[in-house]
Amino acid sequence: MNQPPRLACLPNGPYYLLNDMQASPVPNLVRASGAPCATVRGVALCRCGGSKNKPFCDGTHWQIGFRDPPPKSRMEKK
């Protein structure tokens with residue numbers, strides 16, 4: 001059964017578009033125990049606006065100190 005893509009917002013980081021929720025092995029990558037590593041298929045999308053590889057995330061959010069905007073409830077109290 002094919003699931004529609006999902007979008008996750010990582011805290012203080014990129015949007016992560018998950019294209020395939022079925023975890024599959026990553027070729028040539030194993031854990032210290034020797035067990036294969038598996039992951040879902042996805043892509044990180046820039047949310048900070050600073051990536052040099054837009055629309056993809058290149059990790060710039062760490063360098064520029066990007067932080068999630070505060071929730072509205074906190075903003076209204078100020």
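**Exercise 1.** Does Asp 68 count as buried, partly exposed or exposed, and at what relative accessibility?

*Solution.* Residues are numbered from 1 along each chain as its sequence is written, and side-chain values use heavy atoms, with hydrogens and water left out. The model is predicted: local features need pLDDT of at least 70 and side-chain atom pairs count only at pLDDT 80 or more, while totals for chains, interfaces and linings use all residues.

Step 1. Buried means under 20% relative accessible area, exposed over 50%, and partly exposed in between (1.4 Å probe, protein chains only).
Step 2. Asp 68 has 30% relative accessibility, so Asp 68 counts as partly exposed.

**Exercise 2.** Identify the partner of Asp 68 in the salt bridge and locate both residues.

*Solution.* Step 1. A salt bridge is a side-chain nitrogen of Lys or Arg within 4 Å of a carboxyl oxygen of Asp or Glu; the structure holds 1.
Step 2. The partner is Arg 47, with the closest N and O atoms 2.2 Å apart.
Step 3. Arg 47 sits in the loop between β3 (36-45) and α1 (60-64), and Asp 68 in the loop between α1 and α2 (72-77), 21 residues apart.
Step 4. Arg 47 counts as buried because its relative accessibility is 19%.

**Exercise 3.** Describe the order of elements and the extent of the protein chain.

*Solution.* Step 1. The order is β-β-β-α-α, where helices (H or I, at least four residues) and strands (E, at least two) are DSSP runs numbered from the N terminus.
Step 2. The C-alpha atoms fill a box of roughly 50 × 30 × 25 Å along the principal axes.
Step 3. Of the 78 residues, 13% count as buried.
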